[in-house]
Amino acid sequence: MNQFSPKSLETVTAQAKEQYQGFVKAGQEQTVKQFEQTATAAKEQFEKATTQLLKSYEDLQAAGKANVEALVESSSIAAKGAEDLSREVVAYSQSALDKTITTGKALLTAKSLQEVVELQNSFLKSSFDSLIAETTRIQELSVKVTNEALAPLSARVNATVETLSKPLAA
């Protein structure tokens, strides 16, 4: 059996102390290293989240601006279309009034009751045909103006749906 001497006990104690200090130092170094890695990862995640948040804000701001521009464009198209429609209605009304005055003068100079009836029938048929044709034309123009005015808004809706349907960047 080995006998322990005070010298060997001191040696073993010194070695154990040295080994323990090595473990503590290695543990401290590992803890510091892990802390630094965690802090770096947290910083990267924060920067990434901040960048995505700023980009989302910029995208939202750009979308809002584009929506306002589309609304202004749509309103301009609708206003011009309403102006064109009004001009058409006024022109038709003027034409109908002119025909009414012309027919009225002709009726006042008619030589017989037969001529009055023929003028009246001709005027009514012409007025009715003109009204049907003008109503159809105004309706077609109204549909065209409506479609043109809605086009910018429809484009924005499509763009927004397309943007929202894309997955968020990872």
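Q: Why is Lys 125 called exposed?
A: Lys 125 has a relative accessible area of 55%. The cut-off for exposed is over 50%, so Lys 125 counts as exposed. Bear in mind that this is a predicted model.

Q: What makes Lys 125 and Asp 129 a salt bridge?
A: Their closest N and O atoms are 3.0 Å apart, and the limit is within 4 Å, so the pair qualifies as a salt bridge. Both residues sit in helix α2, 4 residues apart, which is about one turn of the helix.

Q: Why does Asp 129 count as partly exposed?
A: Asp 129 comes out at 39% relative accessibility. Buried needs under 20% and exposed needs over 50%, so Asp 129 lands in between, as partly exposed.

Q: Why can residues three or four places apart in an α-helix point the same way?
A: There are 3.6 residues a turn, so such residues end up pointing the same way.

Q: How do you know that Arg 137 and Glu 134 form a salt bridge?
A: The closest N and O atoms are 3.3 Å apart, and anything within 4 Å passes. These two also lie in α2, 3 residues apart.

Q: Are Arg 137 and Glu 134 buried, partly exposed or exposed, and why?
A: Glu 134 has a relative accessible area of 13%, and buried means under 20%, so Glu 134 is buried. Arg 137, at 38%, counts as partly exposed.

Q: What makes Asp 84 and Lys 80 a salt bridge?
A: The N to O distance between their side chains is 3.1 Å, against a limit of 4 Å. Asp 84 and Lys 80 both lie in helix α1, and they belong to a salt-bridge network together with Glu 83 and Arg 87. The structure holds 8 salt bridges.

Q: Why is Ser 74 called buried?
A: Ser 74 has 7% relative accessibility, and the cut-off is under 20%, so Ser 74 counts as buried. This α1 residue touches Ala 149, Leu 150, Pro 152 and Leu 153, leaving aside residues up to four places away in sequence.

Q: Thr 102 or Thr 103: which is buried, which is exposed, and why?
A: Thr 102 has 52% relative accessibility, so Thr 102 counts as exposed. Thr 103 has a relative accessible area of 14%, so Thr 103 is buried. Thr 103 touches Leu 119 and Phe 123, not counting residues up to four places away in sequence.

Q: How close does α2 come to its expected length?
A: Its 53 residues reach 75 Å from first C-alpha to last, close to the expected 78 Å. Still, α2 has a kink of about 35° at Ala 151, shortly before Pro 152.

Q: What is the secondary structure of the chain?
A: The chain comes to 2 helices and 0 strands.

Q: Why is the chain called more spread out than a compact globule?
A: Its radius of gyration is 45 Å, whereas the globule rule gives 15 Å for 170 residues; the chain is well over that, so it is more spread out. The C-alpha trace spans about 160 × 25 × 10 Å along its principal axes.

How values were computed
Residues are numbered from 1 along each chain as its sequence is written. This is a predicted model: local features need pLDDT of at least 70, side-chain atom pairs count only at pLDDT 80 or more; totals for chains, interfaces and linings use all residues. Side-chain values use heavy atoms; hydrogens and water are left out. The expected span of a helix is 1.5 Å times one less than its number of residues. The bend at a residue is the angle between axes fitted to the seven residues ending there and the seven starting there. Buried means under 20% relative accessible area, exposed over 50%, partly exposed in between (1.4 Å probe, protein chains only). Contact means heavy atoms within 4.5 Å. The radius of gyration is taken over C-alpha atoms; the globule rule is 2.2 Å times the number of residues to the power 0.38.
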